[in-house]
Amino acid sequence: MGPVQKRQTTSHSYGLVRASFRPDQKITELRSYLRQRDQLVRYRSSHQQHIQKALMLMNLQLHHVVRDISGLTGRRIIDAILSGERDPERLASLRDRRCKESAATIAAALEGNYQDDHLFSLKIAVELFDTYSEKIRACELAAQSLMTELAGSDYQDPGSQPGDWKICGHGFAFNPTHLIQALSGHNLLRLPGLGPTTVLTLISECGLDMKRWPSAQHFVSWLGLSPQNRISGGKVLSSRTRQGTTRAGSAFWMAAVPLGRTNTALGAFQRRLAARAGKSKALIATARKLAILYYKTLRDGLVYQDPGAAAYQEESRDRQIRGLQRRAIALGFQLVASA
């Protein structure tokens, strides 16, 4: 027998180090599909830029008259150009009826020089764009199949829905709204700023069991949305959030960006804080509040009802008045409301 080896003890064996968070196996698999999809979307976007560059080199200002050159109108025109069509009026006649610009405006933007080298660049960029689109759809269908399995036998596919085109217009090949409802058991899309794509990212990154985090404060700290206080000698030296948030934390941050333009309570909170502390801190604080609502919805069954910007402003005003009254009493004064 060999020499007796001493057993090495670690801090982890005594429970002094917390285990890293890892979702369940099925959620981890869903995370892999959606992460792969996000990576492919980024790759595809560069080829969309190549398409636009090739058009501009031919002096075709399609991006000025069509909001999305990869949309229905844009692709019809680009495919016709690659098929040999050069007449601006015939190309403009391919516009979708929902396109805001008239056929005459589009035709005026398609007066260009169709050089062979630029047409070749356009052809290669379109082929690569379509290749990545096909792989993205494969990831989405794999994720849809897994989500259907996770939802269980009680889930029934509702079929085509009136709002499906809005979801597909943002990149998804299917409408995951009903799958999200079946998976989580809650209407997560009721939360302000959270769309289907964002919620799917959150589910795949955080899972559905919020009991992994003892409290909402633990959850936002794991997301990287809470201040990391550096204290020395009882004095706070810095209270910045840590560098490099998680993918879920970034999703909450991105969801908070458009809230500042909405007439919601979180929108009013963001605007008020941005005026005092700056837009960057206001966005992080709004993302933190949104993450807490998400946590409470999944763990405690919170049914969120947005009070609106007016109610938030009224509550903020009352809170300021109470604070002034406390300060006045502490200084030996009494506040009197003006007539």
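Author: Start with the word "buried": it means under 20% relative accessible area. Keep in mind that this is a predicted model.

Reader: Let's move to H13. Why does Thr286 count as buried?

Author: The cut-off is under 20%. Thr286 has 0% relative accessibility, so it counts as buried. Thr286 lies in helix H13.

Reader: What makes the Thr286 and Gln270 pair a polar contact?

Author: The side chains of Thr286 and Gln270 are joined at 3.5 Å, and the definition asks for N or O atoms within 3.5 Å, one able to donate a hydrogen and the other to accept it. So the pair qualifies as a polar contact. Gln270 is also on the contact list of Thr286, which leaves aside neighbours within four places in sequence; the others there are Ala256, Leu259, Leu266 and Phe269.

Reader: Why is something called a nonpolar core?

Author: Because its members are buried residues of the nonpolar set, such as Leu, Phe and Tyr, joined through side-chain atoms within 4.5 Å. The largest one here has 53 residues, and Phe219, Phe252 and Tyr294 have the most contacts inside it. H13 gives the most to this core, with 11 residues. There's also a second, separate core of 26 residues, including Ile51, Val65, Ile69 and Cys99.

Reader: Which residues is Tyr294 in contact with?

Author: Setting aside neighbours within four places in sequence, the partners of Tyr294 include Leu188, Leu191, Leu194, Leu202, Ile203 and Met210. Phe219 and Phe252 are among them too.

Reader: How much of the whole protein is buried?

Author: Buried residues make up 36% of the 339 residues. The protein has 14 helices and 2 strands. The accessible surface comes to about 21,000 Å², with 51% of that belonging to carbon and sulfur atoms.

Conventions. Residues are numbered from 1 along each chain as its sequence is written. This is a predicted model: local features need pLDDT of at least 70, side-chain atom pairs count only at pLDDT 80 or more; totals for chains, interfaces and linings use all residues. Side-chain values use heavy atoms; hydrogens and water are left out. Buried means under 20% relative accessible area, exposed over 50%, partly exposed in between (1.4 Å probe, protein chains only). Helices (H or I, at least four residues) and strands (E, at least two) are DSSP runs, numbered from the N terminus. Contact means heavy atoms within 4.5 Å. Accessible areas come from the Shrake-Rupley method with a 1.4 Å probe; for residues, only the protein chains shown count as cover.
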